Amino acid sequence: MGRELGSRGLFILLASVLCISFTAEAIGVNYGRMGDNLPPPSEVAKFLQTTMIDKVKLFDADPSVLQAFANTNIGVVVAVANDQIAALNKLPAAQDWVKKNVVPFVPATNIIAISVGNEILSTGNKVLISQLVPAMQNLHTALVGASLDKQIKVSTPHSLGILSASEPPSIGRFRRGYDRVILKPLLDFLRTTGAPFMINPYPYFGYTDKTLDYALFKPNPGVFDNNTGITYTNMFQAQLDAVYSAMKLLGFSDVDVVVAETGWPSVGDLDQPAVNVENALSYNGNLIKLANANAGTPLMPNKTFDTYIFSLFNEDLKPGPTAERNFGLFKPDMTMVYDAGIMKSEVMVRVYTRQHSVQLTSRKIFKAR
């Protein structure tokens, strides 16, 4: 290559840089719609293309949402509601579900997974729990029949309540009774089909006054694990490693992990002083940086985790404490609740060509944080 870069070469180089930049820094988000003031899905799909969000996780399979995300290349996780699981224990019902909720929308809509129920093991409903893996197997079989099993994986999200021990992370283990009866067959299914284990780690629900900085990724003394000699500097990675230890104990350390939900609310009730904009920014902002660094965890180094922040919008119809309605990264008018560094900045590139010399006057791709 000559010492001077021609204009054509520069544009090729710039295109490559843009491509790398827009894919390297990406994050997923949970897109709930429990609000009476939320924008229509078509506007949401367009808006998300101005952010680094490249995946959305739904809590249903609403056709209007799936149609809205057509031709955006944003990965979409569709969901089976808890009360639909029993019916899907019959293969024809699973085939009908896939035929109705998946087949009409692909490949235009980039459906990447089916999330079967939400935190089923935490319900304590033994009948429903026993129906979970058969429903997942039937949905996978239906996807195979539609030649979509390579593109779309079947999994189910779990709360950390599936663990009987998590501190220190090296002793993480699943609850007795669920470990070999439910979770071992489930993990075997995930390994066989190449699907991930979905977990919902929430330091927000696990912090105390003493561990608040540890939960928020703020400077802290850390937590030492005597068994591994590792000092953990944040609760999020410790929670993931506790799950990994539990999986390893059952012989499934090779199954990938997906963070299906995690987040921190920005507004709470008067008795929740740790719920505020500053702490929400600290948690989600540092979580995004960690996800983009592809650093993994101490027990899973250099691993990349698909991470879905909860949630996209504040949702004013959600029941419960004030915090439940204020997990959003964005307000219903699509303005930021706080700047977590998730917006793509405007790309301003000016190219001047003179006698085969080219000057790039602005190369900023993303807003710095």
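**Exercise 1. List the residues that phenylalanine 59 contacts outside its own stretch of chain, and state whether phenylalanine 59 is buried or exposed, or in between.**

Step 1. Contact means heavy atoms within 4.5 Å. Leaving aside neighbours within four places in sequence, phenylalanine 59 is in contact with Asn30, Tyr31, Gly32, Ala79, Glu261 and Phe310.

Step 2. The model is predicted: local features need pLDDT of at least 70, side-chain atom pairs count only at pLDDT 80 or more, and totals for chains, interfaces and linings use all residues. Residues are numbered from 1 along each chain as its sequence is written, and side-chain values use heavy atoms, with hydrogens and water left out.

Step 3. Helices (H or I, at least four residues) and strands (E, at least two) are DSSP runs, numbered from the N terminus. Phenylalanine 59 lies in the loop between β2 (53-57) and α3 (63-68).

Step 4. Buried means under 20% relative accessible area, exposed over 50%, and partly exposed in between (1.4 Å probe, protein chains only). Phenylalanine 59 has 35% relative accessibility, so it counts as partly exposed.

**Exercise 2. Describe the aromatic pair of tyrosine 31 and phenylalanine 313.**

Step 1. Rings of Phe, Tyr and Trp (its six-membered ring) pair if their centres lie within 6.5 Å; planes under 30 degrees apart count as stacked, over 60 as edge-to-face and the rest as tilted. The structure holds 16 such pairs.

Step 2. The centres of tyrosine 31 and phenylalanine 313 are 6.3 Å apart and the planes are at 70°, so the pair is edge-to-face.

Step 3. Tyrosine 31 is in the loop between β1 (27-30) and α2 (41-48), and phenylalanine 313 is in the loop between β13 (307-309) and β14 (351-354). The pair links parts of the chain 282 residues apart.

Step 4. Tyrosine 31 has a relative accessible area of 2% and is therefore buried; phenylalanine 313, at 1%, counts as buried too.

**Exercise 3. Describe the pair of tyrosine 202 and phenylalanine 327.**

Step 1. This pair is edge-to-face, with 6.3 Å centre to centre and 85° between the planes.

Step 2. Tyrosine 202 lies in the loop between β9 (197-200) and α7 (212-215), and phenylalanine 327 in the loop between β13 and β14, so the pair ties together parts 125 residues apart in sequence.

Step 3. Tyrosine 202 is buried at 9% relative accessible area, and phenylalanine 327 is buried at 2%.

**Exercise 4. Which residues touch the most other members of the largest nonpolar core?**

Step 1. A nonpolar core is a set of buried Ala, Val, Leu, Ile, Met, Phe, Trp, Tyr and Cys residues joined through side-chain atoms within 4.5 Å.

Step 2. The largest core has 104 residues, and Val56, Phe69, Trp97, Ile114, Leu139, Phe174 and Phe197 touch the most other members.

Step 3. Take isoleucine 114. Leaving aside neighbours within four places in sequence, its contacts include Val78, Trp97, Leu139 and Lys153.

Step 4. A second, separate core of six residues includes Val77, Met198, Val258 and Tyr308.

Step 5. For the whole protein, buried residues make up 49% of the 369 residues.
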